[in-house]
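Trainee: I have a structure to read and would like to go through it step by step. Can we take it one question at a time?

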Amino acid sequence: MTNHALVNLDDHKDTRIIDTRSELYGDNVMFTMTFPFEFRNIQQCYPIFFHKNSETGALYPVALFGFKDKENLFLNSDGWSAPYVPLMIKRQPFFIGFQKDQDDPDKRSAKVAIDMDSPRISADEGEALFEEHGGNSEFLIRATQNLEMINAGNQHSEKFVAALIEHDLIESFSLDIELSDGSDNQLLGFYTINEDKLQELDGATMESFNKQGFLQPIFMLLASHSCMSTLLGYKNATLV
Amino acid sequence: MSAKKTKVVIVGGGTAGWLTAGILASRFASEGQQSMQITLIESPDVQTIGVGEGTWPSMRTTLQKMGVSETEFMRDCDVSLKQGTRFDGWARGGKESDDHYYHPFSLPQGFSTINLAKYWQPSSGLPLSSQPLSSQPLSSQPRSHQARFADAVGLQSSICHRGLAPKQITTPEFAFNANYGYHLDAGKLAVFLNKHCTNTLGVKHILDHVISVNADDDGYIESIDAAKIGTLEGDLFVDCTGFASILLGQHYGIKLQDKRDVLFNDSAIAVHVPYQGSNDPVLSHTLSTAQSAGWIWDIGLPTRRGVGYVYSSDHTSDDAAHDTLMNYVSSSVGSAQAKQLVGRKIPIKPGYREKFWHKNCVAIGLSAGFVEPMEASALVLVELSAQMLAEQFPADRPTMNIVAQRFNQKFTYRWEQIIDFLKLHYVLTKRKDSDYWLDNCRSETIPESLQQSLQLWKTQVPWHFDTPHIDEMFPSASFQYVLYGMGFVTEVNCLADRSHKKMSLQADALMQENQKQIKKLLSVLPHNRDLLNKVAEFGFQKI
């Protein structure tokens with residue numbers, strides 16, 4: 001079990017967080033969850049697809065960083081090499097914890113929680129969570145905002161995916177990739193938007209998608225696929 | 001029949017009636033010209049039998065074609081996933097823990113191109129290709145020293161053996177890692193299909209008693225009279241009235257051909273057994289355990305087990321059968337709890353009608369025939385019958401006679417195949433502990449067709465010539481699983497086969513590949529109970 005704690009002054013007065021991007025801190029991931037509201041930023045750097053949660057089977061959008069497990073082609077000795085770092089990467093080692101209301105056990109409130117086993121936790125290095133006088137640090141304030149965006153973004157994302165599935169717009173695909181060393185590779189387990197079905201959508205559905213904020217992310221996602229060639233270029237560069 | 005709306009009247013609303021309604025209705029639209037109006041009339045107070053708790057993989061396609069969500073189906077009908085059957089104690093009986101074999105749904109590896117059974121040589125330990133090309137006995141060594149047939153040629157028995165599910169929660173609905181059908185609550189299935197047929201597929205549902213059948217001068221049924229609604233006209237009537245067989249049996253007097261001389265089992269007692277804990281494992285295969293006068297089925301649903309003893313009343317008494325069943329149940333839940341269970345007696349008249357389609361009346365389900373519930377033949381016959389009815393639906397009376405004739409031929413053949421295949425499970429036994437097993441092996445109880453096959457299989461491994469039709473009930477793989485599971489010996493003569501060396505190398509490679517695939521699957525597949533919990537919580541994705 002991971003060692004989770006709600007962030008509080010008493011326990012975390014001296015806790016610091018190392019905020020650099022590195023394999024040492026677990027940033028060597030093949031993909032990460034992303035949310036429609038950040039698709040505009042994501043699509044200029046990373047291809048966006050869907051992936052299934054292995055615990056629930058639920059589909060969710062991801063930004064792709066590599067072609068195999070633990071491969072992140074945006075990570076190098078200088079850190080992260082793309083201009084926009086996805087929120088789910090930036091939020092580490094924080095996550096949303098829920099605390100039961102003492103007066104009303106049915107009510108839960110979202111709190112900032114921290115994974116105390118994260119290699120980012122330090123006593124003498126990195127960003128402090130609290131100021132000397134006990135106030136929240138700039139760093140913690142930003143981390144809290146990130147989590148709030150993730151929380152809201154996630155709810156919107158679930159509706160987005162449900163609407164796409166309802167209209168039969170998500171399809172699985174497998175991508176055959178030939179690398180510069182001549183090897184054939186296959187990218188499996190990812191899903192994308194079926195463009196033929198998208199073009200068949202009627203006006204009323206389009207309008208409803210637009211009102212719910214689904215239309216723009218659909219096209220952002222499709223546009224993101226031009227990043228595949230960038231990603232392939234990075235991959236081929238590692239083979240030289 | 002072609003100018004107006006064709007009226008189909010289904011009498012009886014058990015699983016047979018509603019499956020037939022769903023299969024017909026999903027093929028023919030209920031609106032517009034040239035279309036079909038399907039009415040299902042069922043008596044409000046007739047209890048459904050509901051022993052068919054196992055299905056074949058074909059049920060997945062059947063449900064998918066009806067437009068059913070697999071997740072809703074699984075949640076509403078108390079469904080678990082079934083990957084085949086395990087037979088315990090059939091070969092030698094007694095307390096030998098290794099007397100068991102699987103008959104899985106998945107075919108042996110490379111089944112369309114190579115007959116692996118021919119090359120299954122587990123006893124010698126030598127590489128297959130290095131063995132001499134002479135007469136090679138199959139399974140001539142004691143069973144315990146061998147890689148079992150099902151384990152060697154396929155992957156599913158290994159999955160079942162570890163209690164794993166045939167798929168993951170990320171696998172789309174109706175798709176699989178290993179082929180599967182269902183275990184389900186038959187009563188709930190009827191209710192579920194009723195809802196789907198009436199809400200979505202436009203089937204009319206009437207609750208009323210049929211009191212008389214009205215035929216025209218040529219003997220075709222024009223209408224039926226029901227107690228409350230009066231006369232109900234139809235072009236074609238489907239008899240789904242169960243054992244009563246009100247139309248085909250009672251009205252037309254089409255006789256049941258008794259097959260008790262081959263399949264002795266004529267009675268069953270069934271109980272519902274609660275789990276000890278809500279997270280107890282759920283087997284993803286039917287467990288069939290041989291007893292001294294029959295066998296016990298053990299089917300795990302998510303909320304309970306369905307357990308029953310099917311037996312021959314000539315070889316044991318009802319009381320003794322009850323005790324046998326209670327003994328079996330006690331071994332898992334203890335005698336105190338077993339005593340509280342109330343058994344339900346089900347009579348079985350093993351046999352099938354002389355014909356199933358007469359004039360404009362087709363019998364589907366128990367009204368057509370019934371044998372002991374081994375190999376889950378009941379529901380699959382309903383599916384196959386309704387599919388043929390839908391696909392060959394006659395446009396007028398002259399074509400109806402042709403279709404009827406073909407339907408009768410087809411299903412007579414299928415019943416014969418089922419009876420031969422079920423009997424095969426008995427005749428290979430080495431058990432001599434009771435008259436039941438001794439009688440089962442007496443040649444006068446074995447159909448001539450099965451005797452011939454057995455003779456042939458002494459020197460030839462079952463293969464595609466043993467199953468001449470393209471839509472056979474059982475592929476030759478099923479015969480292989482039972483034969484070699486039971487320890488049958490085929491002395492394969494490979495002398496004349498020029499390609500033997502090449503083929504045995506290929507077989508060797510396939511069987512090694514099989515072991516690799518098993519290892520991979522065992523590492524990713526969840527326990528069946530865990531998957532069922534996830535289906536209840538999250539459901540399967542459509543993609």
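**Strands, cores and a helix**

Mentor: In chain B, strand S12 (residues 236–239) and strand S21 (residues 361–363) run parallel and are joined by three bridges. Strands and helices here are DSSP runs, numbered from the N terminus: at least two residues (E) for a strand, at least four (H or I) for a helix. This is a predicted model, where local features need pLDDT of at least 70, side-chain atom pairs count only at pLDDT 80 or more, and totals for chains, interfaces and linings use all residues. Residues are numbered from 1 along each chain as its sequence is written, while chains are lettered from A and ligands numbered from 1 in the order in which they are written.

Trainee: How many residues are in the largest nonpolar core?

Mentor: A nonpolar core is a set of buried Ala, Val, Leu, Ile, Met, Phe, Trp, Tyr and Cys residues joined through C-beta atoms within 7 Å. Buried means that 20 or more other C-beta atoms lie within 10 Å of the residue's own, with C-beta atoms placed from the backbone. B:Ile10 and B:Val238 are among the residues that touch the most other members of this core. Its residue count is 147.

Trainee: How many residues are in the other core, with A:Ile48 and A:Val62 among them?

Mentor: That core lies apart from the largest one. A:Leu164 and A:Ile218 also belong to it, and its count is 27.

Trainee: Why do the buried residues of H7(A) line one face of the helix?

Mentor: In H7 (residues 215–224) of chain A, the buried residues are A:Pro217, A:Ile218, A:Leu221 and A:Ser224. The arc is taken from the directions from the helix axis to the C-beta atoms. Seen down the axis, the buried residues of H7(A) line one face because they fall within an arc of 125 degrees.

Trainee: Which strand gives the largest share of the side of chain A that touches chain B?

Mentor: Contact means C-beta atoms, placed from the backbone, within 7 Å. Eleven residues of chain A are in contact with seven of chain B. The largest share on the chain A side is three residues, from strand S12 (residues 170–178) of chain A.

Definitions and conventions. Buried ≥ 20, exposed ≤ 12 C-beta atoms within 10 Å, placed from the backbone. Contact = placed C-beta atoms within 7 Å. Pairing = 2+ DSSP bridges.
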